[in-house]
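Hi,

Here is the structure I promised to pass on. My notes follow below it.

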Amino acid sequence: MTPILAQTSWLIPLYPLLGALLTIPWSPAFITRTGPRPAGYINIVMTALALSHSLLAFLAFWGKSSPQFFFAPWLNVAGLNLTIPLEASAITLGACVLITTLNLLAQVYAVGYLEMDWGWGRFFAMMALFEAGMCALVLCNSLLFAYMLLEILTLGTYLLVGFWYNQSLVVSGARDAFLTKRVGDLVLLMAVLAIYPLAHTWDFRELAAWAQTAQVEPGLMTLIGIGLIAGPMSKCAQFPLHLWLDEAMEGPLPSTILRNAVVVTTGVWVLVKLGPVIALSSTASAFAIAVGTVTAIGATLISAAQVDIKRVLSYLSSAYMGLMFVAVGAHLPGTALLLALVYALGMATLVMGAGSIIINITTQDLTQMGGLWGRRPVTALAMLAGAAGFVALPPLGGFWAMLSLVSGLWDGQRGLLVAIVLLVNWLTAFSLARMMGLIFAGKTQQMTTRSPEPIWLIVLPLAVVAGFTLHLPLVMAQLHLLPPWAEVSQDMALLLTWSSILGAAVGTLLYVNRMVENPAGLIKKPVQNLLAYDFYTPKLYRNTFVLGVDLLSRLTDWLDRYVVDGLVNAVGLASLFSGETLKYGNTGQLQFYVLTIALGVAALGVLMNWSALAALF
């Protein structure tokens, strides 16, 4: 049975698609007597089937070095043969297990979180679209079709962020997320089309083989490499295309679990697949490192100054994605995937915990929270586990992922990048300790006086994903993903551990023990505003790109109105006046016509011989 499931692993994305199709009778409310709930239950069952299939196929492939490939013909016209290659291996099926597991927990979570919402059909169908798109992406082995699948995920983001479309902030958030991703997608499409005449393939395996012997002009390869990075930049919310992730938080929180935990990492997955091609250009690799470094440092600083719990988590997402970009640029693909795994579980735990808090106290403002440790023990412990697994704190998964990153950077003689990773880890630990202190420590406030644990449909998925985060090192050890301790760099391990401890200690002293009455007062007001307002990036956008597009649009409108239309109108008026003039010249007298012809011939003669006449005089 297991070999059959392994050979049919290409069916995994079809389970959620079937679930989405089955929700149609409840989406337009053809079936009204049962309410919309059956739509959610159907999708939960289909996701459970996809998880079962993925898990059994993963177990069948684990330990096998050779993947299995499937080819689906799609288009054959004019000598162009487009076939969809699918790769079934331990890595791709493991990614499917992660995606389907988190989506199953997010859907159960949504049953409790959206209990009173009547848009179940639309919501669960869109979540199924997310799941199907991601499973197809990790199985797909073609750059062209990976681009198409990224576009499907962008559409899913737009639809889910704009789920409550009667709210203005939701509509603007969905629009900004869609348009921001279009910028990166357009550049990525140009790079996808540009690489085909060079490599004559879009297959990731064949691209890797081509890259080993490719002789391409360095400038051209740099442009293509940067273009291939630009698309994932927007998907992973990297500077300067990072603002959409914060605005996307306006969507339903259960969809945020999947989007912030897994969907944003799809760009890193594509970059890992394209690693051999990007390595052809040292400039492109340096560009990926520079983007990741700027985003990681800037996003962690911004997250430490936010008072909205969702904004804290969104900027931490961008920061962790930045570390993955550093790993890709440093040619550490295994480390990038390990960071993605650790990040997915840690962020899912934190987002679920944030939703568990928000649903009862109806505020996202951290300054209005406090004193929830005794009232919300399960949520508190789960978020503590997620925060511990998010940073480099041994023996949890974040420690091993960060250790792999700094060890690889140190072996590559990139000491400055090691220092940056340690700084980012310190800032992340401080930001999470600050958030936990503001939520759970101190005295209860008006919004938190009555705040018990929510219903079990919210608490159970939260506890399960927190358990996965705590037990991740055991799973990694069973899968032989952890290096022997004797081969681990002791110095790097100590530096990482101390950076996590010191960052958490400073945050705890300031926001739990309250050694300073107003910790924010330690930072001068201009610096506070600089961090709180995202380094004024939105204002910079308004004064540069938005203003430039506005001025260009006004100039184009003026040219169209007064130059293009003016020229056309002038020709029309000239025809009108000449026609009226000719009308009055039709007298019927032959001598008048002869005189007109003679004058015309004389005028033409003067014009044709003007230069000769000018020379005479």
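**What turned up**

Valine 568 is exposed, at 53% relative accessible area. Bear in mind that this is a predicted model. Valine 568 sits in helix α23, which covers residues 537-585. It also belongs to a nonpolar surface patch of about 790 Å². Leu552, Leu555, Trp558, Leu559, Tyr562, Val563 and Val564 make up that patch together with Val568.

**Helix packing**

Two pairs to look at. Helix α4 (residues 90-113) packs against helix α20 (residues 456-478) at about 155°, and the axes are 7 Å apart. Angles over 145 degrees count as roughly antiparallel, so α4 is roughly antiparallel to α20. Their crossing is left-handed.

Helix α19 (residues 415-440) packs against helix α21 (residues 490-511) at about 30°, with axes 7 Å apart. The cut-off for roughly parallel is under 35 degrees, so α19 is roughly parallel to α21. This crossing, of α19 and α21, is right-handed.

**Backbone points to check**

Phenylalanine 239 and proline 240 are joined by a cis peptide bond, omega about 5°. Proline 240 is in the loop between α9 and α10. Proline 394 and proline 395 are also joined by a cis peptide bond, with omega about 5°. Proline 395 lies in the loop between α17 and α18.

Histidine 200 is not a glycine, yet its phi is positive, about 60°. It is in the loop between α7 and α8, and is exposed at 59% relative accessible area. Glutamine 413 has a positive phi too, near 60°. That residue, glutamine 413, is in the loop between α18 and α19. Its relative accessible area is 76%, so glutamine 413 is exposed.

Best wishes

Conventions:
Residues numbered from 1 in each chain as written. Predicted model: local features only at pLDDT ≥ 70, side-chain atom pairs only at ≥ 80, totals over all residues. Heavy atoms only, no water. Patch = residues over 30% accessible without salt bridge, like charges linked within 9 Å, V, L, I, M, F, W, Y side chains within 5 Å. Areas by Shrake-Rupley, 256 points an atom, 1.4 Å probe, with all protein chains shown as cover. Salt bridge = Lys/Arg side-chain N within 4 Å of Asp/Glu carboxyl O. Helix = DSSP H or I, 4+ residues; strand = E, 2+ residues; numbered from the N terminus. Buried < 20%, exposed > 50% of the residue type's maximum accessible area, 1.4 Å probe, protein only. Axes fitted to C-alpha atoms, helices over the stretch in contact; angles between N-to-C directions. Parallel < 35°, antiparallel > 145°, perpendicular 65-115°, else oblique. Left-handed = near helix turned anticlockwise from the far one by under 90°.
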